[in-house]
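Subject: Handover of a structure and notes on its features

Dear colleague,

Please find below the structure that I am passing on to you. My notes follow it, and I would be grateful if you read them with the model open.

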Amino acid sequence: MNPSIHCFLPYVDEAQAQFSAESVRQCPMVNRVTFLATDGRKGEIFGCDVLNIDSFKSSAAMIAIAEHTDADYTLLYNKPSTLDCGYFAIERMVRIARDSNAGMLYADHYTVADGKKSQAPVIDYQFGSLRDDFDFGPLVMFDSVVFKKAASEIDPKFKAAGFYALRLGVSRQSQIVHINEYLYSDVATATQRNGEAIFDYVDPRNRQSQIEMEEACTAHLKAIGGYLPPVFDHINFDEGAFPVEASVIIPVRNRVRTIRDAIRSVLNQDTDFLFNLIIVDNHSTDGTSEAIEEFSADPRVIHIIPSRDDLGIGGCWNIGANDERAGKFCVQLDSDDVYSDEHTLAKIVKAFYDNNCAMVVGTYKLTDINLGTLPPGIIDHREWTPENGRNNALRINGLGAPRAFYTPLLREIKVPNTSYGEDYALGLAFSRHYQIGRVYDVLYFCRRWEDNSDHALDIFKTNANNLYKDRIRTWELEARVAMNKDCQNV
């Protein structure tokens, strides 16, 4: 006997609604279609009933859908655009759902705007895929039994974190499966902008939204044994001898346009302790090496050209941190960027001692190459708190900048030899055992220009980056779960 499917589609306008409904009805297993609306309308539309919700992100909407669905599978399209299903696409999703016993499925797809079709691949879901902005695409299918159970467990008060809490709940029960096949098209409508207003998508920068997401993530971590209480290992900063108190480390390759600014911003630091600057020049070929040598008369400037040619940014960091001239604290500066004033280094070092922390993260301002402010301006990562930051760090995609580390622990943990996500991996690893200090003054100008490594990335590179960060989260979460089990067995 074929399973039944209940489809839930957004209602934006008549043309969009009719096309989407006809598209899903091509599958004979679809026995019911419900439109999701926010305007209080009643009755039927094109033979489909209407369910009024507040938004696709709220707990109330997830609970209402769970109560309304009456089929084996629940198909949810959660974007105010037109759904154009591929040939036998829904049948394919059901087959894979049954073969894999999945609780939730999602697929690669196309986007269509102004008549242009583009690929929109997504990435595999894994244990550490805890980002609240993980992209499933707008079409997801659920085993209705799993959906109903997950909906019954979410906090009903969430306005923004309902879907997030629901899919975390689904992941605790069963697999979330990515079908890496292009199964449908997401077609922008003429009223797309109005549709977005209708469904009131929550701005991720909204503080209340962030609080809800943190609550949902923390509850999930507690449920799976990955939560860490705010209890940290103590650090004795008097152990060991170092030639200077702090070393600024700049990994660089082919940044002749910006490296002088970065160097000057370090040498201009005003401190009551000794510091130096370690520049790890990764075989530059554009004149960067010569630009660095312009500062060779200053004994604080240490110019290292590694013998290896297989180093990413993380590998260059390991070269600098393990150099015998490195200080007690290693402080980050990217070769594109500059410190905000002459007090940055002093504030960072003070934070280590004030908070007995193994890592310090500052606040930065996003600017153009000429230091003109770019939106959103100041990035302070206020979602970090001493009480829950080490848990919430698994949800967010970064901890901020500039970053600084207690050198003995940095040498022990070591930096992944990559050029993306290496700083995030360190933050998670450090926070597993140690406090991370925060400085909310703007310490750093993060300059955006055409040669930045993260400038104008295509979807495939973006997906590769996100997949790697999810891997980092998975490894860290597995380590925390294992650590908690060991503690319970003691």
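In these notes, two residues are in contact when they have heavy atoms within 4.5 Å. Please also bear in mind that this is a predicted model.

Leaving aside residues up to four places away in sequence, phenylalanine 163 touches Phe56, Lys57, Met62, Leu76, Asn78, Met104, Phe136 and Phe142. Phenylalanine 163 has a relative accessible area of 14% and is therefore buried, since the cut-off for buried is under 20%. Between phenylalanine 163 and alanine 393 there are 20 Å in space, C-alpha to C-alpha, and the two are 230 residues apart in sequence.

The chain as a whole

The chain contains 15 helices and 18 strands. Its C-alpha trace spans about 80 × 55 × 40 Å along the principal axes. A compact globule of 490 residues would have a radius of gyration near 23 Å, and the 26 Å of the chain agrees with that. Of the 490 residues, 56% count as buried. The chain exposes about 21,200 Å², of which carbon and sulfur atoms supply 49%.

Helices H14 and H15

How do helix H14 and helix H15 pack, and at what angle? Helix H14 (residues 422-431) and helix H15 (residues 459-489) pack at an angle of about 10°, and their axes are 10 Å apart. H14 is therefore roughly parallel to H15, because angles under 35 degrees count as such. On the H14 side, the residues that meet H15 are Tyr424, Ala425, Leu428, Ala429 and Ser431. Their counterparts in H15 are Lys469, Ile472, Arg473, Glu476 and Arg480. Sorted by class, this contact has five nonpolar, one polar and four charged residues.

An α-helix has 3.6 residues a turn, so residues three or four places apart point the same way.

The buried residues are Glu422, Tyr424, Ala425, Leu426, Gly427, Leu428, Ala429, Phe430 and Ser431.

Two further buried residues

Asparagine 318 is placed in helix H10 (residues 313-321). Is asparagine 318 buried or exposed? Its relative accessible area is 17%, so asparagine 318 is buried. Not counting residues up to four places away in sequence, asparagine 318 touches Lys414 and Val415.

Threonine 288 lies in helix H9. At 0% relative accessibility, threonine 288 counts as buried. With residues up to four places away in sequence again left out, threonine 288 touches Val252, Asn254, Arg255, Val256 and Ile259.

Backbone features

Most residues other than glycine have a negative phi, and most peptide bonds are trans.

Proline 375 and proline 376 are joined by a cis peptide bond, with omega about 10°. Proline 376 is found in strand E16 (residues 373-379). Alanine 401 and proline 402 are likewise joined by a cis peptide bond, with omega about 0°. Proline 402 sits in the loop between helix H12 (389-392) and strand E17 (403-406).

The others concern phi. For phenylalanine 88, phi is near 60°, a positive value in a residue other than glycine. Phenylalanine 88 is in the loop between strand E5 (82-85) and helix H3 (89-100). With a relative accessibility of 49%, phenylalanine 88 counts as partly exposed. Histidine 283, again a residue other than glycine, also has a positive phi, near 60°. The loop that holds histidine 283 runs between strand E11 (275-281) and helix H9 (288-293). Histidine 283 has a relative accessibility of 28% and counts as partly exposed.

With kind regards,
A colleague

Notes. Residues are numbered from 1 along each chain as its sequence is written. This is a predicted model: local features need pLDDT of at least 70, side-chain atom pairs count only at pLDDT 80 or more; totals for chains, interfaces and linings use all residues. Side-chain values use heavy atoms; hydrogens and water are left out. Axes are lines fitted to C-alpha atoms, for helices over the stretch in contact, and angles run from 0 to 180 degrees between N-to-C directions. Helices (H or I, at least four residues) and strands (E, at least two) are DSSP runs, numbered from the N terminus. Angles under 35 degrees count as roughly parallel, over 145 as roughly antiparallel, 65 to 115 as roughly perpendicular and the rest as oblique. Ala, Val, Leu, Ile, Met, Phe, Trp, Tyr, Cys and Pro count as nonpolar, Asp, Glu, Lys and Arg as charged, and the others, Gly among them, as polar. The radius of gyration is taken over C-alpha atoms; the globule rule is 2.2 Å times the number of residues to the power 0.38. Buried means under 20% relative accessible area, exposed over 50%, partly exposed in between (1.4 Å probe, protein chains only). Accessible areas come from the Shrake-Rupley method with a 1.4 Å probe; for residues, only the protein chains shown count as cover.
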